[in-house]
Amino acid sequence: MQKIIGAVYGFCVGDALGVPAEFNSREALRITPVETMQPAEELGLPAGTWSDDTSMMLCTMESLAEGLDYEDMMVRFYRWFNFGDYTVAGESFGVGNTTRKAIHTFAKGKSALECGRDSENDNGNGSLMRMLPLAFYLQYIPNEEERMQIIHDCASLTHAHKRSHIACSIYIFLCMALFAGKEKKEAAQLAIRKAFKYYKALPEYKDELQHYKALEDLDAFIAREDSEISSSGYVVDTLEAAIWCFYTTHSYKACVLRAVNLGDDSDTVAAIAGGLAGVYYGVEAIPSEWMDVLQGKDIIEKVYAKFFRRLRKKAAQLAEVE
Ligand SMILES: [Mg+2]
């Protein structure tokens with residue numbers, strides 16, 4: 001479970017590190033880069049405060065800890081958004097448009113799987129940012145089709161467009177390969193190949209793959225200049241930026257600092273990249289001075305402890321069947 005703790009804290013620390021820089025331009029960050037945890041002065045938040053990314057990831061994790069139930073997952077999103085559950089300061093912040101609309105639709109009485117929007121404009125990173133727990137939960141779902149259905153349904157609670165589904169799958173496959181102990185390059189090649197093979201065979205997804213073709217030639221992608229990487233909230237940009245940060249650096253610290261200093265959607269890019277770096281380098285690679293100021297560690301620990309109990313139970317059930 002140590003690798004999962006690394007992934008979770010890697011994600012949360014990346015988010016918190018990025019909050020003060022969100023929407024800053026890359027040019028401004030080049031002059032005064034983020035180098036450590038800082039307060040988000042404009043928002044009146046102390047250093048180490050995490051945002052919607054961590055909140056929604058924790059909603060997903062705690063819900064999965066109680067079993068796969070999309071209505072329950074949406075209730076948690078609703079409670080986060082309206083009552084500040086899973087937040088440090090008791091108030092949600094940073095929610096994206098598509099997620100907000102889905103939560104409103106749910107509040108009006110629609111069932112969870114009918115709430116996500118599926119227009120091309122609904123491809124922000126709001127589903128990608130909460131996928132991390134699935135990478136660990138799906139280890140205990142042996143059936144491949146069932147796994148894919150869970151990824152797509154989980155994404156569709158807010159983001160039902162096929163492009164978002166593919167981004168979530170690539171990220172989950174990559175986390176799973178790193179979790180399984182694969183080397184960095186091999187993990188990416190496996191994840192990307194697997195996603196392309198799977199989606200190429202599905203007519204309704206096939207055309208969407210073109211948006212991810214930059215990742216197919218991994219070496220060329222990694223060799224890109226930072227001017228060729230966009231860190232916007234568009235799901236393809238966020239996924240690419242996070243992968244680029246992870247593959248162009250050699251430590252947790254360098255990876256998330258690079259992500260934050262790309263600017264724009266810095267907290268989400270750093271959270272997603274931080275999840276990858278955390279699972280790969282381990283929790284001990286996260287600078288202790290950042291861990292010390294991370295807010296709400298009690299909330300995070302409570303949620304992952306519950307999630308671990310679920311995973312252990314699932315592992316035991318699987319062992320029994322085998
Ligand atoms: Mg955020």
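A residue counts as buried here if 20 or more other C-beta atoms, placed from the backbone, lie within 10 Å of its own, as exposed if 12 or fewer do, and as partly exposed in between. This is a predicted model, where local features need pLDDT of at least 70, side-chain atom pairs count only at pLDDT 80 or more, and totals for chains, interfaces and linings use all residues. Numbering starts from 1 along each chain as its sequence is written.

**View 1. Gly-275 is a buried residue of helix H14.**
Helix H14 covers residues 266-281; helices (H or I, at least four residues) and strands (E, at least two) are DSSP runs, numbered from the N terminus. Gly-275 is buried, with 32 other C-beta atoms within 10 Å. Setting aside neighbours within four places in sequence, Gly-275 touches Ala-7, Gly-10, Phe-11, Leu-132 and Cys-175, where a contact means C-beta atoms, placed from the backbone, within 7 Å. Gly-116 lies 159 residues from Gly-275 in sequence and 24 Å from it in space, C-alpha to C-alpha.

**View 2. Helix H8 packs against helix H9.**
H8 (residues 162-179) and H9 (residues 184-200) meet at about 140 degrees, with axes 8 Å apart. Axes are lines fitted to C-alpha atoms, for helices over the stretch in contact, and angles run from 0 to 180 degrees between N-to-C directions. That angle makes H8 oblique to H9 (under 35 degrees is roughly parallel, over 145 roughly antiparallel, 65 to 115 roughly perpendicular, and the rest oblique). On the H8 side, the contact residues include Ile-166, Phe-173 and Leu-178, and on the H9 side they include Ala-187, Lys-194 and Tyr-199. By class, the contact has 13 nonpolar residues, one polar and one charged; Ala, Val, Leu, Ile, Met, Phe, Trp, Tyr, Cys and Pro count as nonpolar, Asp, Glu, Lys and Arg as charged, and the others, Gly among them, as polar.

**View 3. Helices H3 and H4 cross at roughly 145 degrees.**
The axes of H3 (residues 52-65) and H4 (residues 70-83) come within 9 Å. Ser-55, Met-56, Cys-59, Thr-60, Glu-62 and Ser-63 of H3 face Asp-72, Met-73, Arg-76, Phe-77 and Trp-80 of H4 across the contact.

Of its 322 residues, 52% are buried. The C-alpha atoms fill a box of roughly 55 × 45 × 40 Å along the principal axes.

Terms used:
Contact = placed C-beta atoms within 7 Å.
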